[in-house]
Amino acid sequence: PFAIGTITRDVRKQKEDARRLLEARKKADAANRSKSEFLANMSHEIRTPMTAILGFADLLQDSVGHDENQYLIETIQENGRHLLQIINDILDLSKIESGKLQVSLLACSPSELVAEVAKLMRIRAQQKSLDLTTEIDSSVPTQIRSDALRIKQILINLVSNAIKFTDQGQVQIRLFGDPKSHQLTFEVRDSGIGISASSLTELFQPFHQVDGSDTRSIGGTGLGLAISRRLAKRLQGRIEVSSELGAGSRFSLVLDLAPEDWIQHPVRTGPK
Ligand code: ADP
């Protein structure tokens, strides 16, 4: 009877512990949700006047022409754009965290997505005299069913980082797939400053920037990779990274597609 009593007490204690843990988890989830909602509301409220400030700064610039005070307007524009970028990033992050981010899955061409991103980013690469190249493997499906806008957002993030952290050499976007597993990979490779093994694990934390005077002076919000990783997850994918300090980095967006979302149109051989 003594032993049975002890067991009963143990079971009761375990149940009580489990109940408390569940309660604590629920409270933490609720607190997290209100934090995300607060951030989303706040960013939304700041965005409207910020957009107006930028709009009027643009108008002012047009009207003063090449005045000696132009740098003042440019400083307003530069800082305004940076602030707007931070606000948009926070808004995105909080939307994802509070489960409010919608993804719309539609048919899109992955190779066209790569071409569009390369076209968009080429000017920035040229400004730093970097080669921006693309390589599309023949294993890539003609279409996939996914969210084209979100894939582009992730790729733009990865490519703009690659350009930001590379001073010479090249940035390459490679697209390849595995028709058996329906895994599609968008790889962004650079010959830039690289990342140390100890920093790799922290890259995806919000606001994290690798310490070191040059990375911080380059600017940015430290939110790009945190958002990209969460977006990738929403698209049934992930971001993989490998890097070597001083040699360059490779970031990949890997999508695990369902067989029906991997659409391979037959190759046209022309009229017979
Ligand atoms: P941001 O670029 O706005 O600072 P991210 O979240 O996109 O924020 O990146 C976080 C940090 O990871 C960067 O500040 C930088 O230190 C490091 N990083 C990201 N991409 C690269 C890259 N291609 N090469 C070297 N470091 C990188």
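In the predicted model, the axes of helix H2 (residues 70-97) and helix H7 (residues 224-234) come within 10 Å and cross at roughly 35°. Axes are lines fitted to C-alpha atoms, for helices over the stretch in contact, and angles run from 0 to 180 degrees between N-to-C directions. Helices (H or I, at least four residues) and strands (E, at least two) are DSSP runs, numbered from the N terminus. The crossing of H2 and H7 is left-handed, a term applied if the near helix is turned anticlockwise from the far one by less than a right angle, with right-handed used if clockwise. On H2, the contact (heavy atoms within 4.5 Å) is made by Asp-89, Asp-92, Leu-93, Ile-96 and Glu-97, and on H7 by Ala-226, Ile-227, Arg-230 and Leu-231. By class, this contact has 5 nonpolar, no polar and 4 charged residues; Ala, Val, Leu, Ile, Met, Phe, Trp, Tyr, Cys and Pro count as nonpolar, Asp, Glu, Lys and Arg as charged, and the others, Gly among them, as polar.

Residues are numbered from 1 along each chain as its sequence is written. Local features need pLDDT of at least 70 and side-chain atom pairs count only at pLDDT 80 or more, while totals for chains, interfaces and linings use all residues; side-chain values use heavy atoms, with hydrogens and water left out.

Helix H3 (residues 110-127) packs against H4 at an angle of about 30°, with their axes 10 Å apart, and the crossing is right-handed. H3 contributes Leu-113, Glu-116, Val-117, Leu-120, Met-121, Arg-124 and Ala-125 to the contact, and H4 contributes Ala-148, Ile-151, Lys-152, Leu-155, Ile-156, Val-159, Ser-160 and Ile-163. These residues divide into 11 nonpolar, 1 polar and 3 charged.

H4 (148-164) also takes part in the shell around the ligand, where H4, H7 and strand S7 (248-256) each supply at least two residues. H4 gives the most, with 3 residues. Of the 21 residues around the ligand, Asn-161, Asp-190, Gln-209, Thr-221 and Leu-225 come nearest, a residue being near if one of its heavy atoms lies within 4 Å. The shell comprises 9 nonpolar, 10 polar and 2 charged residues.

Polar contacts are pairs of N or O atoms within 3.5 Å. An N or O atom in the side chain of Gln-209 is 2.6 Å from an oxygen atom of the ligand, and a polar side-chain atom of Lys-164 lies 2.9 Å from an oxygen atom of the ligand. For Ser-249, a polar side-chain atom lies 3.5 Å from a ligand nitrogen atom. The protein covers 98% of the 530 Å² of accessible area that the ligand has on its own, as computed by the Shrake-Rupley method with a 1.4 Å probe.

Terms used
A polar contact is a pair of N or O atoms within 3.5 Å; within protein, one must be able to donate a hydrogen and the other to accept it, and residues adjacent in sequence count only if both atoms are side-chain atoms.
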